[in-house]
Amino acid sequence: MSLPATASAAPPDTVYFPGGDGTELVGYLFHPPGNAGQQRHPAIVMLHGRGGPYSSNVNAACSRIGRDISSPCNTGTLSQRHKMWGEYWAARGYLALHVDSFGPRGRAHGYGRNSHDLPERQAVNELTVRPLDAEAALAYLAARDDVRKDSIMLQGWSNGGSTALNVMYRQAQGNSSFAAARFRAALVFYPGCGARALLSRRYRSDTDVLVFLASNDEEVSPRNCLRALQANNEPGKVKVIEYAGAMHDFDDPGRARQSVPENRAAKEDAMRRAALLLEEFSNSANRPAVPDNRK
């Protein structure tokens with residue numbers, strides 16, 4: 001299946017909205033082509049990993065991101081992967097909101113490997129902080145006149161993937177900080193599933209979650225995810241796909257990752273599956289009810 005070109009996509013808008021802990025969050029909003037606000041669209045919230053949302057070429061010089069703060073980390077220096085996915089969803093008619101959890105808290109530089117247990121990362125942890133950011137983004141989108149409130153999805157990578165799993169768990173438990181809307185489905189890429197990454201080792205979701213794992217992941221254990229995610233869910237609610245030979249960040253479009261054939265194959269398949277799942281839900285949410293006497 002060929003993927004559409006997005007080279008001519010408009011740059012995302014920078015938006016600000018209140019987080020659940022009082023932090024003013026920064027987001028980058030990708031719009032469908034020609035969208036002028038007159039039409040309602042499905043939407044997706046995107047959550048970055050431990051490296052943050054910005055290119056590694058500039059993020060070392062970045063700290064705090066916010067309203068009226070000048071920084072080399074901005075809408076024009078999002079990482080290749082986040083820009084690619086935002087444009088991918090916009091080309092399919094979605095409003096795609098990439099949430100920066102780190103910059104508004106003075107951590108736009110992101111974090112390197114093996115930094116999960118650093119004390120400073122507690123201020124942006126995936127258990128109690130970042131889920132509130134995702135739920136605040138849900139509230140922001142649900143309040144927009146150009147968003148279909150019954151068709152808001154969630155996507156996360158690595159630490160953001162763990163966050164997404166925790167968001168869906170909170171939603172299933174009735175603990176979401178924003179009860180007026182729900183995430184319709186979630187796409188989770190190579191998350192950490194250890195005891196310090198998930199809210200519960202008896203994981204469950206009452207909404208569809210599609211999890212993409214890499215068998216040769218250098219950062220997190222796919223085995224932990226397989227154990228945690230497949231035991232306690234309703235049949236079909238959490239689907240796990242593991243790509244043989246693929247690595248962490250397999251969907252990064254840069255040369256280093258895409259020079260590995262297994263990463264290329266995993267990236268194309270994951271993008272195809274992600275689009276199909278979201279199209280299924282956005283279409284079903286927009287479809288009128290069918291009377292019982294019809295087949």
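**Exercise 1.** Which residues does L154 touch, not counting residues up to four places away in sequence?

*Solution.* The model is predicted. Contact here means heavy atoms within 4.5 Å. Leaving out residues up to four places away in sequence, L154 touches I44, V45, L47, A134, A164, V167, M168, F183, A185, A186 and L187.

**Exercise 2.** Find how many residues the largest nonpolar core has, and which element gives the most to it.

*Solution.* Step 1: the largest nonpolar core has 40 residues. Step 2: L154 is among the residues with the most contacts inside this core, together with F17, L97, L141, L165, V211 and L229. Step 3: with seven residues, α2 gives the most to this core. Step 4: another core lies apart from it and has 39 residues, including A90, A96, F189 and A214. As background, nonpolar side chains in soluble globular proteins tend to be buried together.

**Exercise 3.** Describe the span of α2 and state how many of its residues are buried.

*Solution.* Step 1: α2 covers residues 130-142, which is 13 residues. Step 2: from first C-alpha to last, α2 reaches 18 Å, close to the 18 Å expected at 1.5 Å a residue. Step 3: a residue is buried when its relative accessible area is under 20%. Step 4: 12 of the 13 residues of α2 are buried, so α2 is largely enclosed by the rest of the structure. Step 5: the buried residues of α2 pack against the strands β1, β2, β3, β4 and β5, and against the helix α3.

**Exercise 4.** At what angle do α2 and α3 pack, and which residues meet?

*Solution.* Step 1: the angle is about 70°, and the axes are 9 Å apart. Step 2: angles of 65 to 115 degrees count as roughly perpendicular, and α2 is therefore roughly perpendicular to α3. Step 3: on the α2 side, R130, P131, L132, A134 and E135 take part; in α3 they meet N159, G160, T163, N166, V167 and R170. Step 4: sorted by class, this contact of α2 with α3 has four nonpolar, four polar and three charged residues.

**Exercise 5.** D68 has a positive phi although it is not a glycine, and Y190 also has a positive phi without being a glycine. Is each one buried or exposed?

*Solution.* Step 1: D68, with a phi of about 65°, is placed in the loop between β3 and α1. Step 2: its relative accessibility is 79%, so D68 counts as exposed. Step 3: Y190, with a phi of about 35°, is found in the loop between β6 and β7. Step 4: its relative accessibility is 1%, so Y190 counts as buried.

How values were computed: Residues numbered from 1 in each chain as written. Predicted model: local features only at pLDDT ≥ 70, side-chain atom pairs only at ≥ 80, totals over all residues. Heavy atoms only, no water. Helix = DSSP H or I, 4+ residues; strand = E, 2+ residues; numbered from the N terminus. Expected span 1.5 Å × (residues − 1). Buried < 20%, exposed > 50% of the residue type's maximum accessible area, 1.4 Å probe, protein only. Core = buried A, V, L, I, M, F, W, Y, C linked by side-chain atoms within 4.5 Å. Axes fitted to C-alpha atoms, helices over the stretch in contact; angles between N-to-C directions. Parallel < 35°, antiparallel > 145°, perpendicular 65-115°, else oblique. Nonpolar A, V, L, I, M, F, W, Y, C, P; charged D, E, K, R; others polar.
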